[in-house]
Amino acid sequence: MKKIIMIVTLFVLLLSSFTTASAAALYKDIVDTHPDKSAFDFLVAKGIIVANSSSNFGINKDMTRLEAAELFVEALDLDTTKPFEVIVTDLDSDHASYPIIAAVVEKGIMSLDEEGAFNREQPFSRGEAAVFLVRAFGLTGTVPKTFKDVLPEYWVTDDIKTLQFHNIISTSSDNTFRPLENVTRGDFAVWLARSLQPDLRKTPTPAAPPTKSCEKPSNKKIVKVNVQVTTLWKLPNAYRTVDKPSITAPVDIHKWTKNMSLKEKWWLVNRVDTQALFGDEVTILKTSGNWVKIAVKDQYVPNQKEGYPGWVPKSHIIETTKDYSDCYIAVVNAKSTMLYSDTAKKNKYISLSYSTILPVIKEEGDWLHVQTPQNGVKYMQKKEAKLYKNYQSIPKPNQKDIVNSAKMFLDLPYLWGGTSSFGYDCSGIIYSVYKNHGIIIPRDSFVQATKGKAVSKANLQPGDLVFFAGNRGRGKVYHVGLYIGEGKMLHAPSSSSKVKIESMNVGTFKTNYAGARRYLD
């Protein structure tokens with residue numbers, strides 16, 4: 001974002017710690033052992049603050065309203081160069097701080113007082129900080145019980161409960177929040193970082209539970225996918241020689257997609273339907289020789305209550321009577337990651353796709369001990385996954401979370417029916433990204449277009465799903481894209497293309513636009 005020199009100068013003067021970066025400690029009062037150093041590392045990496053190892057950040061000093069406004073401008077990339085009609089009574093419109101204040105006021109994040117003043121040098125309370133953050137990032141959600149000193153009649157209570165819901169703030173040892181105290185620079189910066197990046201939020205983690213402590217017997221058979229990725233076919237045994245890497249056990253999806261010609265990729269259209277990932281729970285519907293018809297539990301379709309149906313080799317699934325639903329889960333957050341048979345990285349077990357979810361038996365150092373469907377405990381690098389108590393505890397994402405996750409797959413080749421990061425189709429990539437962030441949406445584009453909340457084209461926001469249909473948008477939906485702002489969408493167009501960003505307001509996309517749906521609160 002463009003900035004005028006006077007604004008940058010004032011920003012540095014007011015936040016004296018935001019100066020030249022250093023390879024040493026971020027600040028004198030934020031060293032490597034600081035419990036929230038990762039939050040400050042994130043803010044520095046995003047250019048929201050600039051490190052200075054020779055100066056204090058001032059983590060225990062009160063944050064002023066202007067300092068908060070400046071951080072919001074940086075974090076949200078607000079435009080301070082455009083003309084504003086906001087009247088601020090306690091500073092002139094040619095003051096260097098005016099465009100910063102006007103930007104956050106116009107956005108509805110912070111307000112002027114009854115006399116139209118911003119009171120830029122004044123501190124503000126921890127409760128007000130919660131209100132500003134909820135407004136800035138459009139957060140929703142609540143918790144049934146909050147801190148003992150946050151009373152129901154406080155005007156900030158609902159927003160404090162929203163931050164608790166997202167684990168941006170966490171319960172203290174004495175269960176107090178001190179909502180009326182001034183917020184410190186340190187606390188506000190950390191909450192801002194957690195609002196931007198869910199991975200920084202204080203979600204509970206297991207304290208190295210003993211092996212298999214969360215395993216329990218099941219009185220019914222549980223069926224799970226036991227290969228890297230299994231492809232669901234419309235008919236059993238309807239594959240070609242080139243498809244063998246996708247139907248053997250183990251499978252090699254990378255080899256399969258790499259070896260297919262463009263014509264062979266197009267052949268898959270209407271012959272395969274979807275894919276399921278390692279560890280996904282499925283239901284067996286029918287058996288035919290060495291093939292089974294399964295339904296993928298987490299892939300909704302309106303005509304099959306058990307989930308998305310299709311045929312897979314019998315060797316791709318495994319039945320078990322062990323239940324790991326009480327275990328924490330690891331959600332692969334990298335484009336792909338390797339599962340090892342040891343922590344020395346000498347024996348590779350299987351390569352996992354983005355959004356693969358496995359039960360966690362133990363957390364140890366840099367490693368997660370995860371349970372495989374058949375072959376016991378294997379090892380995943382902790383940095384490659386997100387750890388949660390269960391799927392329901394995944395904090396709901398904001399617009400940036402969804403868009404940034406999808407952007408990881410730019411230039412990935414398209415694969416008809418693909419729901420893995422080894423190849424996506426148009427609805428598969430969006431399904432996978434939303435699933436990674438705790439939201440299960442329908443699998444197919446024409447069903448995605450019937451759920452969520454309808455949104456007009458004029459009110460599109462990043463993270464919305466935009467749909468295209470034949471007959472100038474009046475026919476059946478055949479394509480979906482992820483709106484990213486400024487009239488552009490990220491999408492997986494076809495077998496002859498890759499995941500890309502394009503304008504949705506030109507050519508066929510403009511002609512066949514059929515509407516939009518919102519799945520974010």
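These exercises, each with a worked solution, concern the predicted model shown above.

**Exercise 1. Which cysteines does the disulfide join, and which parts of the chain does the pair tie together?**

Step 1. The structure holds one disulfide, and its partners are cysteine 214 and cysteine 327, with an S to S distance of 1.8 Å. A disulfide is counted when the two sulfur atoms lie within 2.5 Å, so this pair qualifies.

Step 2. Cysteine 214 sits in the loop between α7 and β1, while cysteine 327 sits in the loop between β7 and β8 (328–332), and therefore the pair ties together parts that are 113 residues apart in sequence.

Step 3. Because the torsion about the S-S bond is about 90°, the disulfide is right-handed. Both cysteine 214 and cysteine 327 are buried.

**Exercise 2. Is cysteine 426 buried or exposed?**

Step 1. A residue counts as buried when its relative accessible area is under 20%, and as exposed when this is over 50%.

Step 2. Cysteine 426 has a relative accessibility of 8%, so it counts as buried.

**Exercise 3. How many residues make up the largest nonpolar core, and which elements give two or more residues to it?**

Step 1. The largest nonpolar core has 63 residues, and those with the most contacts inside it are Phe72, Val104, Phe188 and Leu192.

Step 2. Two or more of its residues come from each of α2 (37–45), α3 (65–76), α4 (98–106), α5 (126–137), α6 (157–165) and α7 (185–196). A second, separate core has 29 residues, including Tyr431 and Leu465.

Step 3. In soluble globular proteins, nonpolar side chains tend to be buried together.

**Exercise 4. What kinds of residues line the two cavities of 30 Å³ or more that a search of the whole structure finds?**

Step 1. The largest cavity holds about 50 Å³ of space, and its lining divides into two nonpolar, four polar and two charged residues. Among the residues of this lining are Asp280, Gln299 and Lys435.

Step 2. The second largest cavity holds about 30 Å³, and its lining consists of seven nonpolar residues, with no polar and no charged ones. These are Ile402, Ala406, Ile429, Ile430, Val433, Leu482 and Leu490.

Step 3. Helix α12 (residues 426–436) gives the most to the lining of the largest cavity, with three residues, and α12 also gives the most to the lining of the second largest cavity, again with three residues.

Methods: Residues numbered from 1 in each chain as written. Predicted model: local features only at pLDDT ≥ 70, side-chain atom pairs only at ≥ 80, totals over all residues. Heavy atoms only, no water. Core = buried A, V, L, I, M, F, W, Y, C linked by side-chain atoms within 4.5 Å. Buried < 20%, exposed > 50% of the residue type's maximum accessible area, 1.4 Å probe, protein only. Helix = DSSP H or I, 4+ residues; strand = E, 2+ residues; numbered from the N terminus. 1 Å grid on protein atoms, 1.4 Å probe; cavity = no way out; pocket = protein on both sides within 12 Å on 5 of 7 lines; lining within 4 Å. Points joined across faces, edges and corners; volume = space filled by probe spheres on them. Nonpolar A, V, L, I, M, F, W, Y, C, P; charged D, E, K, R; others polar.
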